[in-house]
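Let's take a walk through this protein together. Have the picture open beside you and follow along as we go.

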Amino acid sequence: MSDEAPDPVVLRAVPSTNVFRSDIFAGKVLLCSGGGSGICKGMVATMMKHGCNAAIIGRKADRLNAASKELEKEAGNGTKCIATPGDVRKIEDMNESVKKTIAEFGRIDFVICGAAGNFLASLESLSSNAFKTIQEIDLLGTYNLFKASLDEVKKSHGAYVHVTATLHHTGIPWQSPASAAKAAIETLSQSIAVEMGPWGVRSNCIAPGIIKGTEGADRLTPKGAEDYVASQIPLQRQGDLHDIANATVFLFSEAASYINGTVVIVDGAARNFPGPF
Ligand code: HXC
């Protein structure tokens, strides 16, 4: 084996439509928390491009309504997206989102639990309420959406994808609330996988690395350090929304019908590299 440094080769992200059939989710329905922005909006956009109708959940009704229109326009294939505003911390809001989705589409096949809060703060500076807030949005919010949607997902023998992270693999400074919450979501997903598997319901997680152009990346990547961050990742680039969307399409597709209770890490092996990210 050579110990010379290679000339970097960058494997580009490709849209899911280059790989998967455009009608694989025709007639199916996705419900997604956090779908109004960032990584989750990209996941919804891609599911719609493959024929799925969608309902998105977020706290800010105006932003959510605008996002649902943008998503329909971007899909451009007649699929629909409705906004169901709500706070994932409130089970009654999640019940209402499920009710509206059923009233509009009559079924729910896929659920993405993606609503998350995060900020950089040291353990010492963090207040108890700040820590609790992130557990409630990320972990309790995931449970609430699971709980509210379960009867419908059982009927359709559908699947869950929970958006986690790799923070908890090593412990990353200043992100203890999100790190703890994401670790807990991965164990919750395993419980769902084993308890609901006999009903034909699957549950998996996608753990993204830093995905460029998202609010999360903007908050967590120091300005001007994007090239340096990319150079610290073995695959020599930050993640792209297509990377997460492709994993989502695969996990919800029948090609993944025996994949249950696992975590698909989509980070270019950034977690294995001794850099700062
Ligand atoms: C320290 C903070 C803080 C900050 C809020 N708090 N922001 N503490 N540093 N930057 C504290 C507040 O002081 C308060 O505690 C408590 O948290 C609750 O704050 P509120 O603003 O009242 O809560 P709320 O309106 O519910 O919203 C909180 C929030 C939001 C969800 C954290 O402010 C936020 O940051 N939203 C961003 C969402 C986001 O970026 N999502 C993408 C996540 S990316 P006190 O004690 O004062 O009452 C992601 C991926 C992770 O999750 C992995 C990446 C690699």
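**Starting at His50**

Find His50 in the loop between α1 (38-49) and β2 (53-57). Keep in mind that what you're looking at is a predicted model. Is His50 buried or exposed? Well, His50 has 24 C-beta neighbours inside 10 Å, so it counts as buried, given that 20 or more is the mark for that label. Who are its contacts? Leaving out residues up to four places away in sequence, His50 touches Ser16, Phe20, Ser22, Asp23, Ile24, Phe25 and Val249. Take Phe20 from that list: it sits 30 residues from His50 along the chain, with 8.1 Å between their C-alpha atoms.

Now let's turn to the sheet. Seven strands make up an open sheet in the order β3-β2-β1-β4-β5-β6-β7, and the pairing is parallel. Which strands are at the edges? They're β3 (81-83) and β7 (263-266), each of which pairs on one side only. If you go from strand to neighbouring strand in this sheet, the turn is 20° on average, ignoring direction.

Helix α2 (residues 61-75) lies across β2 and β3, and runs at about 175° to β3. Helix α6 (residues 176-196) lies across β5 (159-163), β6 and β7, and its angle to β6 is about 160°.

Next, check out how two helices meet. The axes of helix α3 (residues 91-105) and α4 (128-156) come within 8 Å and cross at roughly 35°. That crossing of α3 and α4 is right-handed. On the α3 side, the contact is made by Ile91, Met94, Asn95, Val98 and Ile102, while α4 brings Asn144, Leu145, Lys147, Ala148, Ser149 and Glu152. Sort the residues of this α3 contact with α4 by class and you get six nonpolar, three polar and two charged.

Helix α4 turns up again at the ligand. How many residues surround the ligand? There are 19, and the closest are Gly117, Phe119, Ser127, Ala130 and Gly216. Both α4 and α7 (215-220) supply at least two residues each to this shell. By class, the shell around the ligand holds 10 nonpolar, seven polar and two charged residues.

Trp174 isn't a glycine, yet it has a positive phi of about 70°. You'll find Trp174 in the loop between α5 (167-170) and α6.

Terms used: Residues numbered from 1 in each chain as written. Predicted model: local features only at pLDDT ≥ 70, side-chain atom pairs only at ≥ 80, totals over all residues. Near = placed C-beta within 6 Å. Helix = DSSP H or I, 4+ residues; strand = E, 2+ residues; numbered from the N terminus. Nonpolar A, V, L, I, M, F, W, Y, C, P; charged D, E, K, R; others polar. Axes fitted to C-alpha atoms, helices over the stretch in contact; angles between N-to-C directions. Left-handed = near helix turned anticlockwise from the far one by under 90°. Contact = placed C-beta atoms within 7 Å. Buried ≥ 20, exposed ≤ 12 C-beta atoms within 10 Å, placed from the backbone. Pairing = 2+ DSSP bridges.
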